[in-house]
Structures are given as C-alpha cells and as structure tokens.
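Dear colleague,

I am handing over the structure shown below, and after it I set out what was found in it. Please keep it beside you while you read.

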Amino acid sequence: MEVIGETSLSAALICLGALAWLLGERHYGMRRARLLLAGGGVVTTGPPSWDRALAHLRQMRGRWGSDWWALAAGLVLGLLGASVLPVVAGAAGVPVLRRVRLARQARRVRERQADAVIALCGALAGEVRAGRQPGEALLRAAQDSGGLGEAQAAVVAAARFGGDVPGALAAAARQPGAEGLLGLAACWRVAVDQGAGLAAGLDRLEAALRAERDQRADLHAQLAGARATTVLLAVLPAFGLLLGSAMGAAPLHVLLHTGAGLGCLAIGSAFEIAGLWWAVRIVRGAGVG
C-alpha cells in the first residue's frame with residue numbers, strides 16, 4: 001500500500017506540474033500583453049529565476065518539438081509502472097505526432113498563401129484602376145502582398161521583361177495554397193488577348209476566393225466541437241488511470257504485469273486507435289485536413 005500511495009502521489013504531482021506550467025505560461029503572456037498595452041515602460045513579470053525557467057522550457061519545446069513529449073510521457077509511465085511497454089508505445093507515438101505536427105504546419109502555410117493570393121488580387125485590381133499598365137501594376141502588387149511566394153522572382157521577371165506572365169502565374173499556382181493564381185492567369189490572358197477589363201475580372205476572382213476561404217473557415221469552426229469531443233474521448237483512459245491510482249487500485253500494475261491486464265490493454269489500445277482513425281477520416285471527408 002505504501003508503494004501504491006507513492007505511485008499515486010507521483011502521478012498527481014506530474015499532472016499538477018504540467019497544469020501549472022501551462023497556466024503559468026498563459027498568465028505570463030496575458031500579463032506581459034497588459035503591461036505592454038498599458039505603456040508601462042519596463043516590463044517586469046515576476047522573479048528572474050521563474051522567467052528563465054519558462055524561457056528554458058520554451059526553448060526545449062521549440063528545439064525538440066511537441067512530438068518528443070510522447071516519448072517523455074512513455075518514460076514517466078514506464079518508471080511508474082516498472083515496465084518497458086509504455087516506453088515502446090511512447091517511441092512509436094513520436095513519428096505519429098510528428099506527422100500530425102507537420103500536417104498542421106502545412107495547413108497553416110496553405111492558409112497564409114491563400115490569404116496572400118487574395119491580397120494580391122485586390123492590390124492588382126487597385127493598381128490597374130489607378131491607371132498603371134498591367135505589368136507595372138503586377139510588380140507593385142507583388143511587392144506589397146507577397147502572394148506569389150517562392151515563384152515571385154519568375155513572375156516579376158516575366159512581367160518586367162515582357163515574358164509569358166500567364167505561364168509564370170500557372171507555374172506559381174503549383175505551390176500549396178496558391179491555386180487561386182490559376183484564376184489570375186486566366187484573367188490576365190483574357191485581358192491581354194481579348195482586351196477585356198482586367199480590374200473587373202480580378203474583382204470577381206477576389207470575391208470567389210474570399211467566399212471559398214470563408215466557407216472553409218466556417219466548416220472548420222463547425223467541426224471544432226467534434227474535434228474537441230474526439231480529443232476528450234481520447235484522453236479519458238488517462239484520467240481513468242489517474243483516478244484508479246488515486247483510489248489505490250494500482251491500474252498500471254494490473255495493466256502491465258498481469259495477463260488479463262495486458263489483454264485489456266491490447267484490446268483497449270486497438271479500439272482507441274480505431275476510434276481516432278475513424279474520427280480523422282470523418283474530418284478529412286468533410287474537407288478539413
């Protein structure tokens with residue numbers, strides 16, 4: 001019973017420490033923002049040792065990435081449960097979390113690029129209405145918005161020296177999130193070949209791209225509740241283990257050192273993975289990656 005009590009106390013202290021770190025970082029940012037907005041000059045947010053500790057933790061998190069916390073959690077559970085299985089599971093979760101993190105970063109890059117393309121269309125329409133030629137207008141709009149991304153040099157060169165601007169825009173549209181540049185290339189080709197109004201076409205293109213972006217944002221907001229429910233259901237087994245430890249039932253010992261516990265652990269893990277995979281599939285099927 002003494003070992004069980006120490007295990008329960010260790011698990012509770014780890015959870016309280018993680019919660020205190022998250023809350024402390026949040027309050028640190030809120031307090032700093034209030035002091036800066038108030039114009040208070042020098043910002044003092046607490047003891048220097050606490051600030052250095054927070055800075056060191058943020059540096060470690062940025063250096064190692066959030067995916068390595070799965071291995072850290074596996075090591076902690078392995079020490080508490082005196083078993084190597086949590087360590088193996090934590091190591092297996094590292095590439096999964098890395099893939100999730102990279103997918104989230106790629107989605108943010110696509111969203112920023114899509115916003116930049118919309119800004120480029122609006123800026124180009126304004127430059128054309130101001131009386132500038134399409135080539136000069138594109139040069140100014142590209143410098144202001146940055147919507148061409150990595151292919152900006154090729155498009156700017158084509159616009160400056162009389163090259164194939166629609167072809168350069170079509171090539172730039174291969175970047176993630178820059179698909180709207182295909183519409184810009186079509187507007188440019190129609191305006192140059194048939195003498196149609198470039199500004200009017202750009203206005204319609206900008207409106208269509210904004211409507212598409214707003215639709216994706218609305219769908220993402222509608223699925224936020226489903227995502228939160230999925231995460232909550234995924235972490236419920238961990239809360240069950242903590243509750244069992246607090247009650248003195250030693251669930252880690254049962255799960256990791258008995259035949260029935262290992263069987264329940266395998267079946268529960270399979271259902272957990274299947275449920276998460278099904279939830280991710282539903283979200284991706286709705287068009288939100």
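This is a predicted model: local features need pLDDT of at least 70, side-chain atom pairs count only at pLDDT 80 or more; totals for chains, interfaces and linings use all residues.

Residues are numbered from 1 along each chain as its sequence is written, and side-chain values use heavy atoms, leaving out hydrogens and water.

Helix α6 runs over residues 152-160, and its buried residues are Val-155, Val-156, Ala-158 and Ala-159. These lie on the same side of α6 because they cover an arc of only 160° around the axis, the arc being that of the directions from the helix axis to the C-beta atoms. The cover over the buried residues of α6 includes α5 (134-145) and α7 (165-172). Just after α6 comes Gly-162, with a positive phi of about 75°.

In α5, the buried residues are Gly-135, Ala-137, Leu-138, Leu-139, Ala-141 and Ala-142. From its first C-alpha to its last, α5, with 12 residues, reaches 16 Å, close to the 16 Å expected at 1.5 Å a residue; the expected span is 1.5 Å times one less than the number of residues. Gly-146 follows α5 and also has a positive phi, near 70°.

**The protein as a whole**

The protein has 12 helices and zero strands, where helices (H or I, at least four residues) and strands (E, at least two) are DSSP runs numbered from the N terminus. Of its 289 residues, 28% count as buried. Among contacts (heavy atoms within 4.5 Å) between residues at least 6 apart in sequence, 55% join residues at least 24 apart.

**Helices α3 and α4**

Helix α3 (residues 69-81) packs with helix α4 (residues 85-129) at an angle of about 170°, with their axes 7 Å apart. The axes are lines fitted to C-alpha atoms, for helices over the stretch in contact, and the angles run from 0 to 180 degrees between N-to-C directions. The two helices α3 and α4 are therefore roughly antiparallel to each other (under 35 degrees counts as roughly parallel, over 145 as roughly antiparallel, 65 to 115 as roughly perpendicular and the rest as oblique). The residues making the contact include Leu-71, Gly-74 and Leu-75 of α3, and Val-87, Gly-90 and Val-94 of α4.

Further along α4 is Glu-127, which counts as buried because its relative accessibility is 14%. Apart from neighbours within four places in sequence, Glu-127 is in contact with Arg-132, Ala-137, Arg-140 and Asp-144.

**Two alanines with positive phi**

Most residues other than glycine have a negative phi, and most peptide bonds are trans. Ala-82, although not a glycine, has a positive phi of about 55°; its place is the loop between α3 and α4. At 59% relative accessibility, Ala-82 counts as exposed. If neighbours within four places in sequence are left aside, Ala-82 is in contact with Leu-77 and His-257. The C-alpha atoms of Ala-82 and Leu-252 are separated by 8.8 Å, although these residues are 170 residues apart along the chain.

Ala-250 likewise is not a glycine, yet has a positive phi of about 55°, and Ala-250 is found in the loop between α10 (224-246) and α11 (251-257).

Terms used:
Buried means under 20% relative accessible area, exposed over 50%, partly exposed in between (1.4 Å probe, protein chains only).
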